[in-house]
Structures are given as C-alpha cells and as structure tokens.
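Biologist: Before we discuss any details, could you show me the model and then take me through how its parts are arranged?

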Amino acid sequence: MFSNNDEAVINKKLPKELLLRIFSFLDVVTLCRCAQVSRAWNVLALDGSNWQRIDLFDFQRDIEGRVVENISKRCGGFLRKLSLRGCLVVGDNALRTFAQNCRNIEVLNLNGCTKITDATCTSLSKFCSKLRQLDLASCTSITNLSLKALSEGCPLLEQLNISWCDQVTKDGIQALVRGCGGLKALFLRGCTQLEDEALKYIGAHCPELVTLNLQTCLQITDDGLITICRGCHKLQSLCASGCCNITDAILNALGQNCPRLRILEVARCSQLTDVGFTTLARNCHELEKMDLEECVQVGGAT
C-alpha cells in the first residue's frame, strides 16, 4: 500500500517531463518495481511514453495472452517495438487486441510463438500499416494467406523472417513482393516448398534487397539465384547453405552483378569449385566472410 504522504523531494524539485525522461531509460523490470514505490512513481512508471520498446523474452514462460492485451492497452500508440520471442502461450486473440491498440508498431518479434496462425497477420494487416520488421520464424501454422495479408496492409515492410514456415510456397512470395517492394531483408530458411519461381518474383520486385537467407531450400537451383543476382544489385549477404543444386554459375552471377557482397554462406554446396570463387574474388572486393564447409571441390586456390 502507498502511504498518504508519498511526495518525495525529487517529485517536488523536478518537473514531470524530466522525471519521465529519466524513467524512459529503465527496463521493464525496473519500471515495474518503480511503480510500487509511490502513487506518483506509479503514474510515472506506467506512463505509455516509457513503454515504446518492450522485450519479454526473459519472461516467456509467464507471458499469457491477457498480459499482452494489458500491455497494449497501457502503451497504445506509444509502442514502437515489441518482442514476444518464445512466448508459446500467446495466440491470435491477444495479438488482435494488440494490433487494434498499438497501431504505430514498427518492429514485432513473434519468433517461436507457435500458437499464432494467419489470423494474426490479418490483424496486423488491418491495423498496423507502419510495420517495418516482422519475425515469424518457427510459426509453422503460417501460410500464403499471411503473406497476402501483409502485402495488402503493410507496404512499409523492410524485414521479414518466415524461416521454418514450411507451408509457404511461391504463390505466397509472389503476393508478398508485389505489395512490399521495399524489402531489404528476407529470411526463408527451411521453407522447403520454395522453388526457383519464387526467387524470380523476388528478383523482379525487390531491388532494395540487402540480405537473403535460403538455407536448406533444397529445390533452389542456379536459375532462381541468377535472377536474384540480376535484380538485386545491392545484395550484401546471401546464405544458400544446403542448396546442393547450385553450381559455379551462381558465383559468376554474383561477381558480375553484386559488387557489394560481404557475406556468402554456401556450406554443403558440393558442386562449387575454385574456378567459380576466382571469378567471385575478382569482382566482389568487399567480401568479408564465407562459409565453405563441406564444399569438397574447393581447395587452396580459393
């Protein structure tokens, strides 16, 4: 219980605006503790302006849907960044309430929130038009319908992670890139249904793409990746590890079209040889990191 006379000296000496500024540097746990000190601090700590960035990963086992709903009602339009990574209990209903209340959200991490379905992306599409970064990795119920919804309602999207969402196909990618042509980072690890045609859509519609991860997209071949190289000249990071069908033709295409390339991961791509890497090195002078594990034809020359 708060005392009847809880006006500390600091509350009297400093204006509310300055106190709020001080509170804005505190993390979630500290804010909650401050809220229990006095009535005045309770008001300050729970002011929505202090809750613009929230990461609940450390409390993932305790976070239920009602917690997310209460946070969204408290923060409202102030909230810009929220991480619910690993919050397994949070589902579509809570995220619909969140989307309705927090329409200025820009960064949302739902990695590992396995209960969510396409309904969540429908809510985000309807209410969260300012969304720029979305992580749906391991949300295995996500389908092409989610990508279609994001395309229609989130045109500012720059970064999307749908790794291990293995129901996604080329039709979903086609819908996504037609509405989100400003994508800069796309993570598609483990999307095993994706074929070359999906990459052709990306190459045709995403000229700003900087990062692309295709790890273990087993159906990808030279044709799809060459299209990426020709359409995405700003590419800096490419992961094609486990894409065992690709050959030196990819390395030639990267060398000819992607001079800014800095990171190349092609582990277990056993058809790549020193000849291809020679061409790559000749043209990609900013290259900093390569993963060549199990590239059995690559030797000392590379």
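**Sheet and helix packing**

Modeller: In this predicted model, an open sheet of 10 strands runs in the order E1-E2-E3-E4-E5-E6-E7-E8-E9-E10, with parallel pairing.

Biologist: Which residue of E6 is the bridge partner of Gln159?

Modeller: Strand E5 (residues 159–161) pairs with strand E6 (residues 185–187) in the parallel sense, and the pairing extends over 3 bridges. For Gln159, the bridge partner in E6 is Ala185.

Biologist: How are helices H7 and H8 oriented, roughly parallel or roughly antiparallel?

Modeller: Helix H7 (residues 118–127) packs against helix H8 (residues 144–153) with the axes 8 Å apart and at an angle of about 5°. Because angles under 35 degrees count as roughly parallel, the orientation of H7 to H8 is roughly parallel.

Biologist: How many charged residues does the contact of H7 with H8 have?

Modeller: On the H7 side the contact is made by Asp118, Cys121, Thr122 and Ser125, while H8 contributes Leu145, Ser146, Ala149, Leu150, Glu152 and Gly153. Divided by class, this contact has 4 nonpolar and 4 polar residues, and the number of charged residues is 2.

Biologist: How many charged residues are in the contact of H10 with H11?

Modeller: The axes of helix H10 (residues 196–205) and helix H11 (residues 222–231) come within 8 Å and cross at roughly 5°. From H10 the contact draws on Asp196, Leu199, Lys200, Ile202 and Gly203, and from H11 on Asp223, Gly224, Leu225, Thr227, Ile228 and Gly231. Alongside 4 nonpolar and 4 polar residues, the charged ones number 3.

Biologist: How many nonpolar residues does the contact of H11 with H12 have?

Modeller: H11 and helix H12 (residues 248–257) have axes that come within 9 Å and cross at roughly 5°. Their contact involves Asp222, Leu225, Ile226, Cys229 and Arg230 of H11, together with Ala249, Ile250, Ala253, Leu254 and Asn257 of H12. By class there are 2 charged residues and 1 polar residue, and the nonpolar count is 7.

Biologist: Over the ring of which residue does the charged end of Arg85 sit?

Modeller: The structure holds 0 aromatic pairs, but a ring does take part in a contact with a charge. The charged end of Arg85 is 3.6 Å from the centre of the ring over which it sits, that of Phe57.

How values were computed
Residues numbered from 1 in each chain as written. Predicted model: local features only at pLDDT ≥ 70, side-chain atom pairs only at ≥ 80, totals over all residues. Heavy atoms only, no water. Phe/Tyr/Trp six-rings, centres within 6.5 Å; stacked < 30°, edge-to-face > 60°. Lys NZ or Arg CZ within 6 Å of the ring centre and 35° of its normal. Pairing = 2+ DSSP bridges. Helix = DSSP H or I, 4+ residues; strand = E, 2+ residues; numbered from the N terminus. Axes fitted to C-alpha atoms, helices over the stretch in contact; angles between N-to-C directions. Parallel < 35°, antiparallel > 145°, perpendicular 65-115°, else oblique. Contact = heavy atoms within 4.5 Å. Nonpolar A, V, L, I, M, F, W, Y, C, P; charged D, E, K, R; others polar.
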